Amino acid sequence: MSKKLISIAVVFSFIMVAAFAGFGQVAEADDHGSDVRVGIVLSTGGLGDLSFNDSAYRGLVRAEDELGIDFDYIEPADTAEDETALRRFAEMNYDLVIGVGFQMADSLEIVAADYPHIRFAHVDHFFEDILDNVVTLNFAEHEGSFLAGALAALVSETGTIGYVGGVDFALIHRFEGGYYQGAKYIDEDIEILRRYADDFGDPARGREIALGMADDGADVIYHAAGGTGTGVFEAAEEEEIYAIGVDANQNHVAPGRIIASMLKRVDNTVFDVVESVVDGTYEGGENLFYSLADDGVGITSLDELDVEETDAVDQGIITEEQLEMIREMKENITAPHTERIQEIEQMIIDGEIEVENWGETGRPE
Amino acid sequence: MQDKLKAIAVNLSISVFSIIIALIVGSLFILLTEASPIDAYAALYQGAFGNFRAILNTLWRSTPLILTGLAVAIPFKAGLFNIGAEGQLLMGGFTAAVIGFYFTGLPGFIHLPFAVLGGMLAGGIWGGIPGYMKAKLGVHEVIVTIMLNYIAISLTVNYGINYFRETGRQATPRIMETAALLRFNDMPDHPFWGRVPFIDIFAQPGIRLHINFLLAVVAAILCWYLLFKTTAGYEMRATGLNPDGAEYGGISISKGMVLAMFISGALAGLAGVGEALGTHLSFMAGMDAGHGFTGIAVALIGQTHPIGVILGGLLFGSLAQGGLEMQFAGVPSEIVMIIQALVIFFVASLQIFKKYMVKRKAKEEAE
C-alpha cells in the first residue's frame with residue numbers, strides 16, 4: 001500500500017515538474033540597444049555585502065538601464081571557483097569580464113593571458129606588469145579618508161578620535177594614513193588611537209576595540225574593517241559616540257550615530273569601464289586610479305539626506321523615525337562643517353594639499 | 001562475497017534514488033526563481049560531467065573533500081570525532097606553502113617531497129595533540145579540536161599571512177616551481193610525461209586537476225588496508241566498537257587514539273598541501289573553504305569506509321563543480337546551495353531509512 005503511494009507521489013511530482021518547466025523557459029524580451037555582454041565574478045561574500053559587490057552590481061544595473069548592455073554575474077562559493085568562473089565567461093566570448101576583489105588577482109591574470117582577445121577589468125588590485133587586455137580599477141582611499149579624518153577632528157569634542165583597521169597591511173594603511181593626516185590637518189594636537197582587529201569579519205572584536213577607545217576618551221571612530229566595523233557601530237550606539245562608515249553608505253546601519261561614510265564609488269568606475277567598451281574607447285594595459293577629482297572616492301553628504309538613506313526606508317531596512325534621526329544628526333552635527341570639508345576637498349583636487357599614500361610609503365613610526 | 005556485492009548494490013541504488021528525490025524537491029526551488037529546472041539540471045550535469053575537462057575538474061574539486069573525509073572517517077572508526085580537520089588542513093597548507101616559497105634553489109625531487117611531507121607532518125601534529133590529550137588526560141577531543149581550529153586560523157590566516165605577505169593579496173608569496181604539484185595541464189610539456197602517447201588530451205586550457213587526486217586515492221586505499229588488514233587497524237576498530245572490551249583484551253587504547261588522530265591530521269594536512277601547492281600555488285585566505293567541515297558530511301555519507309569516502313567526496317565534488325555551471329544557467333547561488341544541501345540531506349536520511357528497514361526485516365525473521 002505505502003509503496004504504491006510513494007510511487008504515485010514520485011510520478012506525480014515528475015509530471016508537475018515537467019508541466020511547470022515550460023514556464024521557466026519564457027525568454028526575456030530583448031529590447032536593448034547595445035549587444036554588449038558583460039560578465040562579472042563577485043568576490044566571496046557575494047551580493048548583500050553592503051560594500052564592494054553591491055556597489056559593482058549597482059554600476060552594472062545602471063549600465064543596463066542607460067547603455068542597454070546585458071550582464072550576468074557569478075557569486076563563487078569559494079576562491080577555487082574564481083578562475084573557472086572567469087574562464088567560462090571568456091570562453092563564451094563576453095565583451096567584458098570583470099573580477100572583483102584583490103583575492104581574485106592571480107586567477108584573473110591567468111585567464112586573461114589565455115584569452116588575449118577578451119577584455120578584462122579588475123576591481124581593487126594593481127598589477128606591476130599589466131596585460132594588454134586588462135584594466136584595473138583602484139581607488140585613492142587615502143584622499144577620501146583624509147576628509148573623514150578632517151570631519152572627525154572637527155566633530156570631536158574630547159580631542160581624541162579612533163581608527164579601527166581590518167588587517168594590518170598596505171591597502172588598509174591607505175585608510176589609516178589619510179584619516180591620520182586629515183585629522184592632524186585640522187588639529188595638530190589631536191590624539192588618534194589606532195588599532196587593527198586582524199580580521200575583516202569579527203564584529204565582537206570590533207566592538208571591544210571601539211569600547212576600549214571610548215573608555216580612553218575617543219568620541220569619533222572611523223573603521224576600515226569590513227564586517228568587523230559593525231561592532232564599531234554597536235559600540236558607538238552603546239556609548240553614544242560617533243562613528244564613520246567605509247566603502248559604501250553605511251549611515252543607516254546605526255541611524256544618527258554614523259556621521260558620514262567614506263565612499264569608494266565602485267559603481268561609477270565599473271560603469272565607466274563598461275561605457276568605454278560600448279563606445280569602443282576601451283584601452284587595456286592600464287592601472288587606473290580613481291580619486292576625489294573624478295568622483296572615485298568621496299564622503300556622504302553632510303547637510304542633506306543621500307539617496308541610499310531614503311532608499312533604506314523604501315526597502316524597509318530602517319523606519320521613517322530612524323531616517324529622521326539621520327536627518328537631525330546631519331543638521332546638528334555635520335552640516336556646520338560642510339563648507340570647511342568642501343574647501344579641503346577642493347584643495348586636495350587642486351593639489352594644494354598632498355595626501356601621502358601610506359600604502360606605498362609605509363606607516364611612519 | 002555475493003552477499004557483500006548485493007549489499008553494495010543496494011547501498012548504491014539507495015543513494016542514486018535519494019539523489020533523484022533531492023533533485024525533484026530541488027526543482028520546486030528552481031521554479032521559484034523562474035528558471036527552468038530542466039535547464040538547470042542539464043547545466044549541473046554539463047558542469048560536472050559534460051565533457052572531459054568537466055570530469056577532470058570534478059575530480060579536482062573532490063580531492064580535498066576525499067582527504068578531509070578520510071581525516072574524519074579514520075578517527076571515527078577508533079571512536080573519536082575529529083572536528084579539527086579544518087585546522088589541520090590550514091596548518092598543512094600553510095607549512096607546505098612556506099616551505100614552498102622560502103627555500104630556493106632546491107632541486108624538485110627534494111623540494112616537493114619536503115614541502116608535501118612537511119605539510120602532512122604539521123597537520124599530523126595538529127591532529128596528534130587532541131589525540132594525546134584525550135589518551136593521557138581524558139580531555140574530550142571535540143573541545144580540543146574546535147579550539148585548535150581557532151588557533152590554526154589565527155596562526156596561519158591572520159598572523160602567518162601578514163608576516164610573509166608581499167602584495168595586497170591576503171596570501172603568502174607564490175611558491176617556487178620546484179615545490180609545485182604536477183598539474184595534468186602541464187603534462188604535455190613535461191620532460192617525462194610528455195612522451196606518453198595521447199598525453200595531449202590534457203593540453204586544453206582550464207583543466208585544473210593536479211596529482212594530489214591520485215595521492216588522495218592512494219591514501220584512501222592505504223587507509224582501507226590499515227583499518228582492515230593490519231593489527232593496528234584491528235585495534236583501532238576494536239577501540240571504537242567497545243573501548244572497555246578492547247582494553248580488557250590487551251589493546252593499548254591510548255596508542256590507538258594518538259595514532260588515529262595523527263594519521264587523520266596528516267590526511268587533512270595533505271588536503272591543505274594540495275590546495276596550496278597544486279591549486280593556488282600559495283597559501284591564501286579563504287582557500288580552506290570549509291573543506292574540513294564538509295569532510296564530516298563526506299565521511300558520514302561514505303559510512304566512514306575509505307572507499308565510501310571516495311564516493312562521498314566525488315558526490316560533493318561534482319555538486320560543487322556543477323553548481324557553478326548552474327549559476328551560468330541563471331540559477332542564483334543560494335538555490336544552488338539549497339540543492340546541494342538537499343542532495344546531502346536525502347542521501348543521509350535515506351541511509352537511516354535503510355537501517356530501519358534492515359532492523360524490521362530482522363525482527364520479522366525473528367518472529
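This is a predicted model: local features need pLDDT of at least 70, side-chain atom pairs count only at pLDDT 80 or more; totals for chains, interfaces and linings use all residues.
B:A266 belongs to helix α10 of chain B, which spans residues 253-279. When neighbours within four places in sequence are set aside, the contacts of B:A266 are with B:M120, B:G123 and B:G124. Between the C-alpha atoms of B:A266 and B:Q321 the separation is 26 Å, the two residues being 55 residues apart along the chain.

The helix that carries B:A266, α10(B), packs against helix α5 of chain B (residues 108-137) at an angle of about 145 degrees, and the axes of the two helices are 6 Å apart. The crossing of this pair, α5(B) and α10(B), is right-handed. By class, 17 nonpolar, nine polar and two charged residues make up the contact of α5(B) with α10(B).

The crossing in which α1(B) passes α13(B) is right-handed. The contact of α1(B) with α13(B) comprises 18 nonpolar residues, five polar residues and one charged residue.

In chain A, six strands are arranged as an open sheet with parallel pairing, in the order β2-β1-β3-β4-β5-β11. From one strand to the next, the twist averages 20 degrees. Within this sheet, β4 (residues 119-123) and β5 (residues 134-139) of chain A pair in the parallel sense over four bridges. A:H122 has A:T136 in β5(A) as its bridge partner. Helix α2 of chain A (residues 52-67) packs on the sheet and touches β1 (37-41), β2, β3 (96-100) and β4 of chain A. The direction of α2(A) makes about 160 degrees with that of β2(A).

Elsewhere in chain A, helix α8 (residues 229-239) has as its buried residues A:G229, A:G231, A:V232, A:F233, A:A235 and A:A236. The elements covering these buried residues of α8(A) include β6 (160-165), α7 (203-215), β8 (220-224), β9 (242-247) and β10 (258-264) of chain A. After α8(A) comes A:E240, which has a positive phi near 55 degrees. Among the covering elements, β9(A) has six of its six residues buried, so β9(A) is largely enclosed by the rest of the structure. The pairing of β8(A) with β9(A) is in the parallel sense and runs over three bridges. In this pairing, A:Y222 has A:I244 of β9(A) as its bridge partner.

A further buried position in chain A is A:T338, which counts as buried because its relative accessibility is 11%, under the 20% limit. A:T338 is placed in helix α12 of chain A, formed by residues 338-350. The side chain of A:T338 reaches the backbone oxygen of A:A335 at 2.5 Å. Apart from neighbours within four places in sequence, A:T338 is in contact with A:L302 and A:D303.

Technical notes: Residues are numbered from 1 along each chain as its sequence is written. Chains are lettered from A and ligands numbered from 1 in the order in which they are written. Side-chain values use heavy atoms; hydrogens and water are left out. Contact means heavy atoms within 4.5 Å. Buried means under 20% relative accessible area, exposed over 50%, partly exposed in between (1.4 Å probe, protein chains only). A polar contact is a pair of N or O atoms within 3.5 Å; within protein, one must be able to donate a hydrogen and the other to accept it, and residues adjacent in sequence count only if both atoms are side-chain atoms. Two strands pair if DSSP finds at least two bridges between them. Axes are lines fitted to C-alpha atoms, for helices over the stretch in contact, and angles run from 0 to 180 degrees between N-to-C directions. A crossing is left-handed if the near helix is turned anticlockwise from the far one by less than a right angle, and right-handed if clockwise. Ala, Val, Leu, Ile, Met, Phe, Trp, Tyr, Cys and Pro count as nonpolar, Asp, Glu, Lys and Arg as charged, and the others, Gly among them, as polar.
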